[in-house]
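Trainee: I would like to learn how to read a pocket and a few residues in a model. Where do we begin?

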Amino acid sequence: MLEAQELTTHAGASAKAFQLNGQPHLAVANTNGNNVQLYRSNGVSFEAIQSLSVNTPVAADVLVNSDSSTYLIVASQSVSKVFLYDSDQGAFVAQESMDLDTPFATDVKVIPKEETGIDYTFVAFSIYKAVEPEIENYEAESAIYYWSPFGSLVPLQTILTTGAAKIEYFTSDGSLYVIFGNQAAYRYNLILEQPLKYEDIESPVYKFEGMGFVKTSGGSVRATGLTDLKTFTGEDGTMYLAVSQGLDRLPESSGVDGTNAVAITSAQKSTLGQHADV
């Protein structure tokens, strides 16, 4: 691949591509810049068109309502925000009544009903760890909301996670599944006298059962220092789950490079109720 353009970011945590008014757009979450920078393609390059003020943003996703109105939902490590595109102003406008307290949020994922065949669009937030006074407690309540057709987020349920880093969803045989990718605590020593190492931990698979998401019997993915996960379909129609693992500093390593692994696990119906090692 050839580089087409370089964009200046401030600890850019994620980028979301989407279509608006028939044109490609890009939303970049700048964690240190405390903003989400919006870009629009002019056919040759992306040009900056708007900066949305958000404290420590980490991810963004787009939701299109049944009335075709477009919302940008931004996950923040403090207060997550929802922006509505105003066609008269040609800009996204903050919907402050929809602010959500989300300390240590790491990701947001819109699950459109058009893709799942379910009557609701869901919005999921992953939370990395609990707030003070249990600042080192990596067990936290990640949250799933359903989207009201009137344009609001309605709490559906919370799911106990351990250092949740990313969210992924997929459908199989007409059923919807969600995975909160657990990273767990990152054990470290400030003066590097001890090796740094992630814990090995499972990320359960949850299935939507009509009233909420239920953990599948034995369905999980085990990884060490999970950083991301993504489903995709192979040429033969088999669905796979790719899981990337983070830095694992072993005693014999230099303490810099560590190890990095990507694993692919079959996500066919026969494996949804089984444990998969990564």
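Mentor: Begin with the term. On a 1 Å grid over the protein atoms alone, a pocket is an open set of points with protein on both sides within 12 Å along at least five of seven lines, and lining residues have an atom within 4 Å of a point. Grid points are joined across faces, edges and corners; volume is the space filled by probe spheres set on them. Here the largest pocket holds about 640 Å³. This is a predicted model, where local features need pLDDT of at least 70, side-chain atom pairs count only at pLDDT 80 or more, and totals for chains, interfaces and linings use all residues. Residues are numbered from 1 along each chain as its sequence is written, and side-chain values use heavy atoms, without hydrogens and water.

Trainee: Which residues lie nearest the centre of the largest pocket?

Mentor: Lys 16, Asp 61, Lys 109, Val 110 and Tyr 169, out of 28 lining residues. Elements giving two or more residues to this lining include strand E1 (12-20), helix H1 (113-116) and E20. Helices (H or I, at least four residues) and strands (E, at least two) are DSSP runs numbered from the N terminus. E5 gives the most, six residues.

Trainee: How does the lining divide by class?

Mentor: Ala, Val, Leu, Ile, Met, Phe, Trp, Tyr, Cys and Pro count as nonpolar, Asp, Glu, Lys and Arg as charged, and the others, Gly among them, as polar. The lining has 14 nonpolar, 10 charged and four polar residues.

Trainee: Why does Thr 231 count as buried?

Mentor: Buried means under 20% relative accessible area, exposed over 50%, partly exposed in between, with a 1.4 Å probe and protein chains only. Thr 231 is buried because its relative accessible area is 16%. Thr 231 sits in strand E20, residues 226-233.

Trainee: What does Thr 231 touch beyond four places in sequence?

Mentor: Contact means heavy atoms within 4.5 Å. Thr 231 touches Glu 168, Tyr 169, Phe 170, Met 239, Tyr 240 and Leu 241. Tyr 169 is 62 residues away along the chain, yet the two C-alpha atoms are 7.7 Å apart.

Trainee: Is Ser 41 buried or exposed?

Mentor: Ser 41 counts as buried because its relative accessibility is 14%. Ser 41 belongs to strand E3, residues 35-41. Beyond four places in sequence, Ser 41 contacts Gln 23, Pro 24 and Phe 46. A polar atom of the Ser 41 side chain lies 3.1 Å from the backbone nitrogen of Gly 43.

Trainee: And the whole chain?

Mentor: The chain has one helix and 23 strands. Of its 278 residues, 49% count as buried.

Definitions and conventions
On a 1 Å grid over the protein atoms alone, a cavity is a set of points where a 1.4 Å probe fits but cannot get out, and a pocket is an open set with protein on both sides within 12 Å along at least five of seven lines; lining residues have an atom within 4 Å of a point. A polar contact is a pair of N or O atoms within 3.5 Å; within protein, one must be able to donate a hydrogen and the other to accept it, and residues adjacent in sequence count only if both atoms are side-chain atoms.
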